[in-house]
Amino acid sequence: MGLILVSNRGPVSYRRGGSGELEAVRGGGGLVTALLGVAASRPVTWIASAMTPEDVVVWRRAAGGSIAVEHDEHRLSLRFINADAQAYERYYNVIANPLIWFIQHYLWDLAVAPEIGEHEINAWDEGYVAVNRLFADAVCRELEGGGAESDRPLVMLHDYHLYLCPALVRERHPQAFLHQFIHIPWPQPDSWRVLPRRMREAIMNGVLANDIIAFHTDKYVRNFLLSCEELPGVEVDQERAVVMTEGREVWVRAYPVSIDCGYFDRLTGSAAVLEDEERIKAARRGQLILRVDRMDLSKNIVRGFKAYDIFLEKHPEFRERVTFLALLQPSREDIREYREYRRRIVAVVEAVNGRYGTAGWRPIDMRMQDDFPCSVAAYKQFDALLVNAIFDGMNLIAKEAGLVNTRDGVLILSENIGVHEELGEFALSVNPFDLEGQARAIHQALTMDDDAKRRRAGKIKHTVRKNGINRWIEKQFDDIKLKRGGES
Ligand code: G6P
C-alpha cells in the first residue's frame, strides 16, 4: 500500500558540502527517525516544508514536484512545500511554536502571557492557516496524481503544525483515509481556552476530519475525548474511544512510539561513537550524571541544575567525584522565549560551577551541540540519566539511553512524560517541580546497590526491545486496516 506522509520537518534537509555541492542531511529529532521506519517497508511520498535556503534550491530545481531521495538505506519520494518567508515565520515562530506548543505543554505563565493581539491574529490567518492550505494543496495534488493507488488512499499527517490540514483535504477528497499522529501531550480541555473560540474550533474541526487520531498515551486520548465533549453536535463514546461527527466515526488511539533497536545496536559499535566514548572515559571523574535535550522550556533544564546544586550542597562528599554532563542542542532560537531560556541555563550553570568548582573539576560540563555520536557515547557511560521534563509527549532519550547503557545506570524520570507509563516502574520517579525530590533522586541513583541497579537496567532494556519501533508501526496499520475494512 503506497502512502503519503506529511510533516513539517522532512526526512532530509539540504546543505552545501565542502565543495559547494548540495547534500542531504537527515532531519533532526525522534519524529523523523520513527517515520523513516514507516517509510522502510512501503513506497512513500513525503510532503514537508523547505526549511533551509538549499531546500528551496532543490524545490525550485524540481519545479515544485517530487524528488527521489536515497539516504541512509532509505528510498522515498519527497515533495517540499515552499511557503514565503513571512508566512512561514508566522506559522512556525508565532503560532506552532510557541503558542500551540506552550499550550500543549502547559508552559504559559497565564497571568502575563500569551496575549492574542493583531500580531498573533495576523500570524494565524496569514501564517498558520495559509501554510496549512499549502500542505493541503500538496496532498491533494499527490492524491490527484495517483500518489497512493487505492480507492481510499492513505494519508498520514504528523503533529501540531498541521491541525487544519485534514479538514482542507477532506473537503476536496472525501474518500481519502486520513490519519494524524500528535506527538506531543494533549492537555486538559481548559488549557485551550487561551485561544479565541474561532481558533479553538478550527483546530478541533481540523483534527476531527481525520479517520484516526493517534497519541502516545492513554492519558492524552482521555484528554482529547474530554475536549470533544465540549463541542456542539459531536458525540463521544468514551468506552470505545470513538467520536461521532458529521456522520463519520473517528477513532482515537494510543500507540507509544519507540526506537529502532537494531539501528542503535549498530551505532553503538561505530567508529564515531567509540572515539567519543574513549574521550568521555578518559575525562571521567567518579560518577557521571547525564542529560541530553533540545534547549526547550518544556525540558526543565534550569530546575535540573538547581536540584544538582542542592544535591552538592547536601552531600559534599560527592564534590569532585561526580560530573553532570549536559549535552544540549540549541533549538528554535528565533523565538524570544527560547533565547531567554538559553540565557537562564547559562546563568545557572555558571552559578553552580562558580560555587563548587575547583582547579581540576567543573561540576557541570555543559556542551551546546548537536552531535548524535557523542550523545550515544554518553548514553553508554552514564550512572544516572536525568529526564525531568515539565511535560513531554513521549521522550525517546530515556529509551535510547536505557537501551545502550553499559553501566547499569539509573533513570530518573519525570512523572509527567509519556515514557513514564512504560518505564516508570523501573526508574526513580520525580515530580519536575520538586527540586528537593530531584536532589534526593540523584543521591539515591548514585548510591543504589549494584543488584538493584542491574535488575532495573535489565527490565528497561527488555521493555524497550519488546516494544520496538516495528510494533508501533504494525499496530497503527492493523487499526487502519480494521477501520477501512469495516467501512468498505
Ligand atoms: C519535538 C517533538 C515533535 C515535533 C518536533 C518539532 O521533537 O517531540 O513532536 O515534531 O519537536 O521540532 P522542530 O525542531 O521541527 O521544531
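Helices α12 and α13 cross in a right-handed manner; a crossing is right-handed if the near helix is turned clockwise from the far one by less than a right angle, and left-handed if anticlockwise. This is a predicted model, in which local features need pLDDT of at least 70 and side-chain atom pairs count only at pLDDT 80 or more, while totals for chains, interfaces and linings use all residues. Residues are numbered from 1 along each chain as its sequence is written, and side-chain values use heavy atoms, with hydrogens and water left out.

**The helix pair**

- The axes of α12 (residues 372-381) and α13 (residues 397-404) come within 7 Å and cross at roughly 60°.
- Helices (H or I, at least four residues) and strands (E, at least two) are DSSP runs, numbered from the N terminus.
- Axes are lines fitted to C-alpha atoms, for helices over the stretch in contact, and angles run from 0 to 180 degrees between N-to-C directions.
- On the α12 side the contact (heavy atoms within 4.5 Å) is made by Phe372, Val376, Tyr379 and Lys380, and on the α13 side by Ile397, Glu400, Ala401 and Val404.

**The mixed sheet**

- An open sheet with mixed pairing is formed by 10 strands in the order β5-β6-β4-β1-β7-β8-β9-β12-β11-β10; two strands pair if DSSP finds at least two bridges between them.
- Its edge strands, each pairing on one side only, are β5 (66-71) and β10 (235-237).
- On average, neighbouring strands of this sheet are turned by 25° against each other, direction ignored.
- Strands β1 (residues 3-7) and β4 (residues 44-49) run parallel and are joined by 4 bridges; Ile4 stands opposite Thr45 in β4.

**The parallel sheet**

- Another open sheet has 6 strands in the order β15-β14-β13-β16-β17-β18, with parallel pairing.
- Strands β15 (364-368) and β18 (428-430) are the edges, each pairing on one side only.
- Helix α15 (residues 435-447) lies across β13, β14, β16 (384-387), β17 (410-414) and β18, and runs at about 170° to β18.

**The domains**

- The domain assignment gives domain 1 (3-257 + 471-483) and domain 2 (263-466), with bounds that come from an automatic or database assignment.
- The centres of domain 1 and domain 2, taken over C-alpha atoms, are separated by 30 Å.
- In contact across the two are 25 residues of domain 1 and 23 residues of domain 2.
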